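Hello,

Here is the structure I promised to pass on to you. Please open it next to this message, and then read on for what turned up in it.

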Amino acid sequence: NSTQPLRMLDIGPGYQTIMFRRLWPDMQIDTLGFPDDKFPPAPNEHRIVFDLNDASDQSRWPELANTYDVITYCEVVEHLYTSPVHSFNFLAAGLAPHGLMLVTTPNGIALHRRLRLLLGRNPQELIREDLSNPGHYREYSRTELIELARRAGLSHVFTRMGHYTTTGSPSSRVFGALTPFMTMDLRKDMAIVFRKQGGAR
């Protein structure tokens, strides 16, 4: 219905939520994740408090306020200790038939991780002792995420890979400069768009 505002579900409210509101002031942007007083919902928005690790148990799924035209699942999946299939299943249930889901996450097989392994260093960080901020449990490759999403009834639309998150360090700047010359699966970061299998195109 063209008279209805577009609806977005932003997973893990943060600074990107503020950016989305400014870019699309007419869009309703609900959020899902842990509560964070730094990013309160706007008056017309819903906040759904839910730990996506619990998506493995369908009886614990919260009721979503809407079905969504866009779901943004950015820099979250690598922090889960459960299979992404579970969270993909849950979020796909809230995606409108014509809707799109954007997933961004580090590339687990990027060149700098391969180089660290060749030097005898584990490319994965240790699980942190702070239970409220455990870091990355598992980073995925492009093909892994596309397959995991397929199992949850999501079709791959397109992938873009690049150097989107930078520390500003000399090595990060060098890696960023070299990125355009790398094959896709050697690049540092990935953004993948999915839709429901059989959804409107």
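To start with, in which strand is the place of Asp-189? Asp-189 sits in strand 7. Please keep in mind that this is a predicted model.

Is Asp-189 buried or exposed? Its relative accessibility is 3%, so Asp-189 counts as buried, given that the limit for buried is under 20%. The side chain of Asp-189 also makes a polar contact, at 3.0 Å, with the side chain of Thr-165. Beyond its neighbours within four places in sequence, Asp-189 is in contact with a number of residues, including Thr-105, Pro-106, Arg-160 and Tyr-164.

An open sheet is formed by 7 strands, in the order 3-2-1-4-5-7-6, and the pairing is mixed. At the edges are strand 3 (47-49) and strand 6 (154-162), each of which pairs on one side only. On average, neighbouring strands of this sheet are turned by 15° against each other, with direction ignored. Strand 5 (residues 95-106) and strand 7 run antiparallel and are joined by 6 bridges. As an example to look up, Thr-104 has Ala-191 in strand 7 as its bridge partner.

Helix 2 is worth a look too. It lies across strand 1 (7-11), strand 2 (28-33), strand 4 (68-74), strand 5, strand 6 and strand 7, and runs at about 145° to strand 5.

Next, the aromatic rings. The count comes to 7 aromatic pairs. One of them is formed by Phe-88 and Phe-194: this pair is tilted, with 6.0 Å from centre to centre and 55° between the planes. Phe-88 belongs to helix 2 (residues 84-93) and Phe-194 to strand 7 (residues 189-196), so the pair links distant parts of the chain, 106 residues apart. Phe-88 and Phe-194 are both buried. Elsewhere in your viewer, you can find one aromatic cluster made up of Phe-50, Trp-61 and Phe-90.

Leaving aside neighbours within four places in sequence, its contacts include Phe-88 and Phe-194, the two rings of the tilted pair, and among the others are Ala-92, Leu-95 and Met-101.

Enjoy exploring it!

Best wishes

Technical notes: Residues numbered from 1 in each chain as written. Predicted model: local features only at pLDDT ≥ 70, side-chain atom pairs only at ≥ 80, totals over all residues. Heavy atoms only, no water. Phe/Tyr/Trp six-rings, centres within 6.5 Å; stacked < 30°, edge-to-face > 60°. Helix = DSSP H or I, 4+ residues; strand = E, 2+ residues; numbered from the N terminus. Buried < 20%, exposed > 50% of the residue type's maximum accessible area, 1.4 Å probe, protein only. Pairing = 2+ DSSP bridges. Axes fitted to C-alpha atoms, helices over the stretch in contact; angles between N-to-C directions. Contact = heavy atoms within 4.5 Å. Polar contact = N/O pair within 3.5 Å; in protein donor to acceptor, adjacent residues only side chain to side chain.
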